[in-house]
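Please examine the sequence and the three-dimensional structure shown here before reading the report.

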Amino acid sequence: MNPRAWGASFQNREEKFELKRQAVLLSAARLLRNGSYDSMSLADIAVDLGVAKPTVYYYFRNKEQIVRELMKLAVARMLDPGDHPDDYPETHGLSGAQRFERFLRRCIRVISDDVGACLFTVYPHQLPDDVRKDFVEAGQPVIEMAAAILRRGIADGSVGACDPVLVYNFAINALRCVPQLLERNAASASDIADAFVTLVTNGIAPRA
């Protein structure tokens, strides 16, 4: 819980509203990571934050709206070149394979916190039709980035012939185990990233 959001002084009303809204989002992300979309309710978020249920409704109408917002946050982190530029894939001078390695490491970093991880514990088929549509559409720019990187790698010879979208989907679904591995302290995020990058990049390496 963000203690500043629920009890400290604020500069203005807008800051107070946004900090409390972010606290609700972080609580929901934590609950989704440790549970499931179906089992989580706004009442659970209220209990987690120690506030009345109507307080949560003031910031979000329902949990579907929360999931949409969490997806936008996670995708924004993936696409923002100013967020951890050391693993931003669209960097000048890198081969397609090197860009894809950065892409994978960026994915693992993003899903290592509650906001990113909850999106890998929420399966699209669990969502109502309209939310599932928004969920999939919000993630489309990330798919397009990965596919473009892989096509560039195929063109420059650093990646073997493959179906870029299929490779992306294999990789993303394999990443669903990362939050659970981190939760069990099976390995650090850095070790998981090293192992995952080795497996995937070996799989798409050009064949002699």
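## Overall architecture

The structure is a predicted model. The protein contains 10 helices and zero strands, and its C-alpha trace spans about 65 × 35 × 35 Å along the principal axes. Of the 208 residues, 42% count as buried. Among contacts between residues at least 6 apart in sequence, 64% join residues at least 24 apart.

The accessible surface comes to about 10,600 Å², and carbon and sulfur atoms account for 55% of this area. There are 25 positive and 26 negative side chains, with the centres of the two sets 2 Å apart.

## Helix 6 and its surroundings

Helix 6 (residues 114-121) is largely enclosed by the rest of the structure, because seven of its eight residues are buried. These buried residues are Val115, Gly116, Ala117, Cys118, Leu119, Phe120 and Thr121. They pack against helix 1 (13-34), helix 4 (63-79), helix 5 (96-110), helix 7, helix 8 (164-174) and helix 9 (178-183).

The N-terminal end of helix 6 is capped by Asp113, which places a side-chain oxygen 3.3 Å from the backbone nitrogen of Val115.

## Aromatic pairs

Five aromatic pairs are present in the structure. In one of them, the ring centres of Tyr58 and Tyr59 lie 4.9 Å apart with the planes at 85°, so the arrangement is edge-to-face; the cut-off for this class is over 60 degrees. Tyr58 is exposed, at a relative accessible area of 57%, whereas Tyr59 is buried, at 10%.

Another pair joins Phe103 and Tyr168, whose ring centres are 6.3 Å apart; with the planes at 55°, the pair is tilted. Because Phe103 belongs to helix 5 and Tyr168 to helix 8, this pair ties together parts that are 65 residues apart in sequence. Both Phe103 and Tyr168 are buried. Tyr58 and Tyr59 also form one aromatic cluster with Phe17.

## Ile154 in helix 7

Ile154 lies in helix 7 (residues 129-156). Its relative accessibility is 32%, so Ile154 counts as partly exposed. Leaving aside residues up to four places away in sequence, Ile154 touches Val159, Gly160, Cys162 and Pro164.

How far apart are Ile154 and His84 in sequence and in space? The two residues are 70 residues apart in sequence, and their C-alpha atoms are 26 Å apart in space.

How values were computed: Residues are numbered from 1 along each chain as its sequence is written. This is a predicted model: local features need pLDDT of at least 70, side-chain atom pairs count only at pLDDT 80 or more; totals for chains, interfaces and linings use all residues. Side-chain values use heavy atoms; hydrogens and water are left out. Helices (H or I, at least four residues) and strands (E, at least two) are DSSP runs, numbered from the N terminus. Buried means under 20% relative accessible area, exposed over 50%, partly exposed in between (1.4 Å probe, protein chains only). Contact means heavy atoms within 4.5 Å. Accessible areas come from the Shrake-Rupley method with a 1.4 Å probe; for residues, only the protein chains shown count as cover. Lys and Arg count as positive and Asp and Glu as negative; His and the chain ends are not counted. The place of a charge is taken as NZ of Lys, CZ of Arg, CG of Asp or CD of Glu. A polar contact is a pair of N or O atoms within 3.5 Å; within protein, one must be able to donate a hydrogen and the other to accept it, and residues adjacent in sequence count only if both atoms are side-chain atoms. Rings of Phe, Tyr and Trp (its six-membered ring) pair if their centres lie within 6.5 Å; planes under 30 degrees apart count as stacked, over 60 as edge-to-face and the rest as tilted.
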